[in-house]
Each structure stands twice: as C-alpha cells, then as structure tokens.
Amino acid sequence: MSKSSHYQAVVLAGGLGADLQPLTNTTFKAVLPIGNIPMVNYVMHMLHKEGFSDVIIIARMSHADSIRKSLNGPYSVDISFKIETIPDDSSMGTADALRLVSSQIHVRNRLTSHFLVMPCDLICSVSLFKLFDVHRLHDATVTMMLVKPFKDISSKSKKSRQGSQQSVERNIIALSDDRVFIMTTETEALGKGILDISRHSAIHARRATIRRDLEDVHIYVFSKWVLKMIVERDTISSISRDLIPYLIRKQFAPPRRHQKDIYKYIPDLPREKASYLVPSVSHEDRIRCHALVLDEVHGLSRPNPKALYSCTRIKNLALYKDVNHGAAIDKGIYRISGTADIKESGVVRQEKQYRQGDAKKVTLSKVSKVSMESFVGDHSIIEEGVAIHMSVIGHTCSVGEKTVIRGSVIMNNVSIGRNCDLTNVCICDNAKINDNCRLKNCNVAPGHVVPEGTIEQDKLADGSRSFI
C-alpha cells in the first residue's frame, strides 16, 4: 500500500483569478493553458505520479464542465476525480469551500485519517512523500510546504516591466527546527507593531529562527479532525488567513470550558500510545504545526543551479508569463515528439517537429524557425520566414510572414500580421495584431485590435493598466 493511500487529496479550483485578468475574462483560471495544457492538468499529473487514485476538486458551478472536459481530454491521466461545486456568486474562502463539501470529503475519506489540500495553480516537482514523512513523523495536526524562491521575495516592492510598483506580500515565520510557532503576514505584523507568541509556546520553542524569505505555497496536510472543527466553526473562512494562524496559536494552550473548544475535536489518544508513536510529544502537546522547508527552489523560467526542485504558484500575470516563457516547465511533462504537417506550395510533407498533440495538424512553412523550447497549438498557421523563440502559441492562431516572436504567450484564436516583432508580450484570446507592429513588454486584451504599424514598449496595448 502506497503512502498516498492514507490521504484524501482535495484540489481547490474555485478561484476567479482576479490577479490574472484579463486572461480570466475569457478562460476560467483552472483551465488557463500552460504550454497549451490546462493548468489543472499539471496538478492532476502530479497527484497521479505520487500514487493517488482518487481526487476531490472544488470548483464553481459554471467552471465544472470546462474542468471536466480538460481532465478527460488529450492530456488526461488515469485518476478518478469528483467535482464538488460551490455557487458562482459565492465570495466564500477556502475553508468555507471545505465546509460546504465536507460530507463528501468524509464519505470518500472514511478509510484515512488525513487529507491533503492544494491549489490548482501550482507547478511543482517536489515529491509529496517528503511532506507526508514530516507529517507522520510528528503525528502533526497540520504540515505545510514552505519554499525559499530563487527569485528574491524579501524586498518590499519590485519594479514591474511596466514601471509601476508591485507590492510583494511576505510572510514572517518563526521556526524551531521544522515546527512553526509564528506565521503572519508582514502587513499584519506592522499593523500590530509586535509579533505575538503565547507564553506556553515560547517555553517550548526555546530557540526559534524568524524568517521572512519563505513562501507558503498553500499545500497542506491536515489531520481528519480539523475538518470537523471547520464544519462547526463558521468563523473560520480562509485556510491561510484564519485556520493556519489559529492552529499555530493554539499549540500548547490549555483547554477551555467552551462548547467549541478546539480540544473537543481532537480524538482521545492514550498517553502510553502517544508516547510510543511520537516519543517527543507530551500528553498536553496535542496540536502540532510543522513544515517541510525547502531552502533552494527555483522558478521554472529562472533555473537555480543549486536547486533540486522547482515550485511555482501562478498567482498573477507576471508569474503566468514567467512559467510560459520558453516552455520552461519540466520538459518531460506532456511533451510529445511527433510530426507536424508542413504545407509548401500546396504540397504536404512530413517533417519531425516538437509539438503537442498527436492527432491534429499544424501548418508550418518550411523556412520558419520554431525553437525546441516553444509550443505551437493545433490548427495554427505559421507562415514563411517566421521565427519563434521560447514562446507559447495557442490553438487556431495565425502568424504572418517574417514575424519574430520572443518570450511571449499567445492565447487562442489570435491573428498576427506580417513583419511584426513581438517581445515579452501576452496576447489574449481573439486579439488581432495588424502588419508591421513592434510590441515589447506589452499586453493585449481579449478581442483588441492593434492598428497597423503600432510601436509600443512598456505599455498595455488597450490603454488600461488594471491587470498588470
């Protein structure tokens, strides 16, 4: 029996993706393409690789059919899934969503004592077994994954390529070995002026390291009793903002005479059994928050020679472009070496080409240059003299003669004219770029038409700055 059989996996796919607009104006966040493959498929591929056979996906009602179609499509994996829906107009948090579908989690989780929660916007090469090992070693209440990104997140703000300031929300985390004693955002800490730690926790922490360079990637393993507490305590709305800080604060705290006191949810465990399973745990130490800390993790488009793993959450448009740049995702995932139809003077011949899909056609001129790090979607037409480097071209796109595309993301049904030069651009669905355009560090909104001869740099082509 594999370790994963002891855990029920829950994937949160109900986010609206406000920080990914305008991409999410036409495509739901969970099915946004990464290298022309829906985002949620990567998470399912990861779970399948880790030995999971059954997954619960929480999504909005209107998103469910698109997610189901994506998971049953060309890049599906042999894994059973059930989509539990929440209302489209709901503003509920992640813990609220778990509460709403808790009965299904209990039914499918009846043979296990833990459950795994992870987001759908994650591209990660870290084995979940590492997380499970930490959780089981300490018989933890919750175990989370904390990573130190290769790209520095310790500075308060960074300049975007458009010149505006982008704030970086950082966590302040106090760790003693791999046990978490404080976890809060810097904004909350500055608002309070102090870092709170209970007297009971301070006694047991002895020596703790305070870090502000770690990112919580929202992968959590919980003991099963936590779900029962969430169901009965409707004041807990968000996992990261409410539940995790609450559990951390409650470590070593004495029981209270309250109807919904946290200790009422914890199963009784005989003292001798607890000491046998986890010798370092005292009888009163029944709430334990631990972390798998990975100090060297690289972003997918910024390899770190020291890093053993990659782990990226696609939380905004800049990260979406980063992940897509050059198909920097692990080249082994879903990449297929197949054949593409080359049309030249009406004659169709076969030529070896790296692409995705093995059933549909790509029309590619003989003298076009498409780098091995690029993706070209089905039914797209690439004309003579085109050069595509480290870019993703969606489905049913057309690229005119002598156009050069570098480090860009082109969504579906996009028309690009002749003799264009596009560098680090994100062009949304159904947009049209007319001939002789020069765009650099620009984003084009869905359905927008860029006039012929347009030259823009560090500017959004639709005149709006609301989504970058």
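Reader: Hi! I'm looking at β11 and β12. In which sense do they pair, parallel or antiparallel, and over how many bridges?
Author: Hello! In this predicted model, strand β11 (residues 171–176) pairs with β12 in the antiparallel sense, over six bridges.

Reader: How many residues of β12 are buried?
Author: Seven of its seven residues are buried, so to speak a mostly covered strand, spanning residues 179–185.

Reader: Switching to helices! At what angle do α2 and α3 pack?
Author: The angle is about 55°, and the axes are 9 Å apart. Helix α2 covers residues 39–49, while helix α3 covers residues 64–71.

Reader: What do you call that kind of arrangement?
Author: Angles of 65 to 115 degrees count as roughly perpendicular and those under 35 as roughly parallel; α2 and α3 are therefore oblique to each other. Their crossing is right-handed.

Reader: Which residues make the contact?
Author: From α2 there are V40, N41 and M44, and from α3 there are I67, S70 and L71. By class, four residues in this contact are nonpolar, two are polar and none is charged.

Reader: Nice. New topic: in what order do the five strands of the open sheet come?
Author: The order is β21-β24-β27-β30-β33, and the pairing is parallel.

Reader: Which strands stand at the edges there?
Author: Those are β21 (375–376) and β33 (443–444). Each has a single partner strand, so one side of each is left without a neighbour in the sheet.

Reader: How many bridges link β30 and β33?
Author: Two bridges, in the parallel sense; β30 is residues 426–427. C426 has N443 in β33 as its bridge partner.

Reader: What about the open sheet of six strands, what's its order?
Author: Here the order is β20-β23-β26-β29-β32-β35, with parallel pairing. At the edges stand β20 (369–370) and β35 (455–457), each with a single partner strand, so one side of each has no neighbour in the sheet.

Reader: Last one: how many bridges join β23 to β26?
Author: Three bridges join them, and the two strands run parallel. Strand β23 is residues 387–389 and strand β26 is residues 404–406.

Notes
Residues numbered from 1 in each chain as written. Predicted model: local features only at pLDDT ≥ 70, side-chain atom pairs only at ≥ 80, totals over all residues. Heavy atoms only, no water. Axes fitted to C-alpha atoms, helices over the stretch in contact; angles between N-to-C directions. Helix = DSSP H or I, 4+ residues; strand = E, 2+ residues; numbered from the N terminus. Parallel < 35°, antiparallel > 145°, perpendicular 65-115°, else oblique. Left-handed = near helix turned anticlockwise from the far one by under 90°. Contact = heavy atoms within 4.5 Å. Nonpolar A, V, L, I, M, F, W, Y, C, P; charged D, E, K, R; others polar. Pairing = 2+ DSSP bridges. Buried < 20%, exposed > 50% of the residue type's maximum accessible area, 1.4 Å probe, protein only.
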